[in-house]
Amino acid sequence: MVDTSVTLAGVELQNPVIPASGTFGFGYEFAEIYDINCLGSISIKGTTRSPRFGNDTPRIAECASGLLNSVGLQNPGVDAVVAEELPKLRKCFSKPIIANISGFSIDEYVECCARMDTQEQVAILEVNISCPNVHGGGMSFGTCPESAAEVTRAVKAAVKKPVFIKLTPNVTDICAVARACEEAGADGISMINTLLGMRLDLRRRRPLLANVTGGLSGPAVFPVALRMVYQVYEAVDIPIIGMGGVSCAEDVLEMMLAGASAVQIGAMNLVEPYICRDIVSALPETMEKYGMSELKTIIGGAHNG
């Protein structure tokens with residue numbers, strides 16, 4: 001019998017499989033097609049202080065082995081999430097959740113994180129300083145160590161629950177940003193967010209996305225994400241939630257060997273709605289295939305020798 005349980009900053013999870021923010025709504029939508037309590041946790045839709053409609057359409061562009069999205073943080077705002085979305089999720093999901101928070105100022109990050117910090121089901125705050133699809137916020141905070149540390153320090157001073165900082169891969173040195181977050185008090189790192197990309201409409205001879213550029217996700221980015229998780233694992237001593245192109249149980253094991261303590265699945269939820277359930281189901285057999293009896297013991301295993 002294998003053990004799929006993991007621990008994130010003191011939070012016990014039955015397994016490491018977590019749907020990534022922005023690809024799973026607020027969770028209860030997927031509860032209509034399967035029992036989502038099989039999941040380790042859920043990272044809910046990115047939340048801002050005020051409601052956001054998001055970017056103009058088209059927002060999605062397909063490409064080989066992945067897709068581009070430019071949704072632009074559409075969400076009903078933190079007050080509505082607390083009052084309406086979280087109670088709906090509690091009715092169908094009994095485990096701790098991860099609240100993903102985005103912002104356009106440090107004050108907004110602090111306000112939204114402090115509000116979510118009071119919610120009983122929220123176990124971890126995932127601070128998104130890496131969204132490439134908005135202007136004047138998001139990724140701008142995550143592109144240099146100093147600004148990343150400033151957001152981290154301010155949020156940590158306002159909350160009690162563990163804070164994971166979600167990093168962008170669109171930087172020269174992601175390890176420097178991760179170290180700055182750790183030194184500022186972060187309890188963990190989430191990585192990677194999407195890679196900046198674009199497509200052109202040949203008939204119109206214009207960018208396909210209304211926002212011109214979007215975030216590339218899906219299997220195409222997995223080798224990049226794996227490399228970055230591997231590097232950051234050697235740079236910091238705090239846990240990592242790995243993500244980026246994960247599409248099967250083998251990818252989960254690779255991410256954990258590279259250094260991830262848990263793994264988020266994003267774009268594949270949009271392609272195959274049952275993917276997280278199926279990966280959870282496949283994990284024990286896949287672990288046995290590779291002689292792994294306990295997931296906790298393989299974290300960072302690719303660095304040993």
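Predicted model: local features only at pLDDT ≥ 70, side-chain atom pairs only at ≥ 80, totals over all residues.
Residues are numbered from 1 along each chain as its sequence is written, and side-chain values use heavy atoms, leaving out hydrogens and water.

Cys92, at 21% relative accessibility, counts as partly exposed. Cys144 also falls in the partly exposed class, because its relative accessibility is 29%. The structure holds zero disulfides, a disulfide being a pair of cysteine sulfur atoms within 2.5 Å. For Cys92, the nearest cysteine sulfur is that of Cys38, 12 Å away. The sulfur of Cys144 has its closest cysteine sulfur in Cys181, at 10 Å, which is too far for a bond.

Next comes a pair of helices; helices (H or I, at least four residues) and strands (E, at least two) are DSSP runs, numbered from the N terminus. The axes of helix 5 (residues 222–235) and helix 6 (residues 249–258) come within 8 Å and cross at roughly 25°. Axes here are lines fitted to C-alpha atoms, for helices over the stretch in contact, with angles from 0 to 180 degrees between N-to-C directions. Helix 5 and helix 6 are therefore roughly parallel to each other, a label for angles under 35 degrees. In this pairing, Phe222, Ala225, Leu226, Val229, Tyr230 and Tyr233 of helix 5 meet Asp251, Glu254, Met255 and Ala258 of helix 6, where contact means heavy atoms within 4.5 Å.

Helix 6 is mostly covered, with seven of its ten residues buried; among them are Val252, Leu253 and Met256. Its buried residues pack against strand 1 (6–8), helix 5, strand 14 (240–243), strand 15 (262–265) and helix 8 (275–289). After helix 6 comes Gly259, with a positive phi near 140°.

The model also contains an open sheet of four strands in the order 4-5-13-10, with antiparallel pairing; two strands pair if DSSP finds at least two bridges between them. Strand 4 (60–63) and strand 10 (195–197) are at the edges with a single partner strand each, so one side of each has no neighbour in the sheet. From one strand to the next, the twist averages 35°. Strand 5 (residues 66–69) and strand 13 (residues 214–217) run antiparallel and are joined by three bridges, and Leu68 stands opposite Leu216 in strand 13.

Terms used:
Parallel < 35°, antiparallel > 145°, perpendicular 65-115°, else oblique. Buried < 20%, exposed > 50% of the residue type's maximum accessible area, 1.4 Å probe, protein only.
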